[in-house]
Amino acid sequence: GQCVAVCPVGALVENDNSWDVVDALADPDKVVIVQTAPAVRAALGEDLGIAPGTSVTGKMAAALRRLGFDHIFDTDFAADLTIMEEGSEFLDRLTRYLGGDQTAKLPILTSCCPGWVKFFEHNFQDMLDVPSTAKSPQQMFGAIAKTYYADMLGIPRDKLVVVSVMPCLAKKYERARPEFSVDGNPDVDIVISTRELARLIKRMNIDFASLPDEDFDAPLGESTGAAPIFGVTGGVIEAALRTAYELATGETLQKVDFEDVRGMDGVKVATVQVGPHELRIGIAHGLGNARKLLNRVREGETFHAIEVMACPGGCIGGGGQPYHHGDIELLKLRTQVLYAEDAGKPLRKSHQNPYIIELYEKFLGKPLSEKSHHLLHTHYFKRQRL
Ligand code: SF4
């Protein structure tokens, strides 16, 4: 059942789905798997007595295992998959655009933030064919889990329960969009926020601080350094550039850090050289900044790719995270956790992820294949103007 947690001052009523997780874990007929968004590991510890700016990735995996999930997976895997699809879509559009094809729309807009997606569906209805058609990592994870992974386990999709831990309240709404279900069975069954996971860990008397560091499970738990930075403003574009560069030029990218797309300015504009092409990149976080940037596009300013995140700093500042009250120093500490995780990974480009390579070899074929389109891409709707 659903339980409603009420804020002590009555300013906020929040859907708490953590009891749904408890019910699913208690059901002997279900296989229950969990995915954790990149930003969660950068802030979860704050609600569990750990200093801000501390990565709790390993403890989080350990806590989820003790809660009783059957397999501990990572939205970061699906972030790498998103880059494969969105990066390929970007290159396809760019090639056609540069070749003079009038139907090729640029700038491509990122589509992994449901707050932003809903905003443009309401406010930029003349531009519904401009965003990437790539689903968000949360939804790509669910679509692959309920097909490829359920097949691997040899179980029907309705025996598998996919739980997401998200920094975000809009992800609860995204999960419920009808186009993300098959015959009434959703790709993602339950979404809990970072705060709800912290409460669940406390309620189950797990001593978080003394847990060992553990790993995610294979195959849907493996990721490259391009994935954790999805949680900060500028990160999705940086991850996409790393892969797009290598796919476009066939050369190895020597310097994977794109410093110009990083940082906390509300709107950033960067120029990046990819082979013979100079690409103009726009980045906005906060919907007011997004509106400003999109109005510049409407007025004819040239951009090739634009990333938008609805929350301050990106998902690290999401509405489901431990409260940050707009504290920019705290958001910077969370940001550092994710850049450090990226820098510490042996592989830092999404197309190098061996489990992503295997997924394409065994199941999807290639990026933008018919199967990839069917499972990993979506479309947008005109919604009543707000
Ligand atoms: Fe959710 Fe905010 Fe991240 Fe968008 S930026 S996906 S609304 S947490």
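What is the phi of G250, the residue that follows α8? The phi of G250 is positive, near 70°.

This is a predicted model: local features need pLDDT of at least 70, side-chain atom pairs count only at pLDDT 80 or more, and totals for chains, interfaces and linings use all residues. Residues are numbered from 1 along each chain as its sequence is written. Helices (H or I, at least four residues) and strands (E, at least two) are DSSP runs, numbered from the N terminus.

**Helix α8**

α8 has 15 residues. From first C-alpha to last, α8 reaches 21 Å, close to the 21 Å expected at 1.5 Å a residue (the expected span is 1.5 Å times one less than the number of residues). α8 is mostly covered, with eleven of its 15 residues buried. Buried means 20 or more other C-beta atoms within 10 Å of the residue's own; exposed means 12 or fewer, and partly exposed lies in between, with C-beta atoms placed from the backbone. Among the buried residues are E238, R242 and Y245. The cover over the buried residues of α8 includes α3, β10 (267–274), β11 (277–285) and β12 (305–309).

Two packed helices are described by the angle between their axes and the distance between the axes. Axes are lines fitted to C-alpha atoms, for helices over the stretch in contact, and angles run from 0 to 180 degrees between N-to-C directions.

| Pair | Angle | Axis distance |
|---|---|---|
| α3 (75–98) and α8 (235–249) | about 55° | 9 Å |
| α3 and α5 (137–153) | about 100° | 8 Å |

α3 is roughly perpendicular to α5. α3 and α8 are oblique to each other. Angles under 35 degrees count as roughly parallel, over 145 as roughly antiparallel, 65 to 115 as roughly perpendicular and the rest as oblique.

In the α3–α8 contact, I83, E86, G87, F90 and L91 in α3 meet A239, A240, T243, A244, L247 and A248 in α8. Contact means C-beta atoms, placed from the backbone, within 7 Å. The residues of this contact of α3 with α8 divide into eight nonpolar, two polar and one charged. Ala, Val, Leu, Ile, Met, Phe, Trp, Tyr, Cys and Pro count as nonpolar, Asp, Glu, Lys and Arg as charged, and the others, Gly among them, as polar.

Towards α5, T75, F77, A78, A79, L81 and T82 in α3 meet P137, Q138, M140 and F141. The contact of α3 with α5 has seven nonpolar, three polar and no charged residues.

**E370**

E370 lies in helix α12 (residues 370–376). E370 counts as exposed because it has 9 C-beta neighbours inside 10 Å.

Key:
Two residues are in contact if their C-beta atoms, placed from the backbone, lie within 7 Å.
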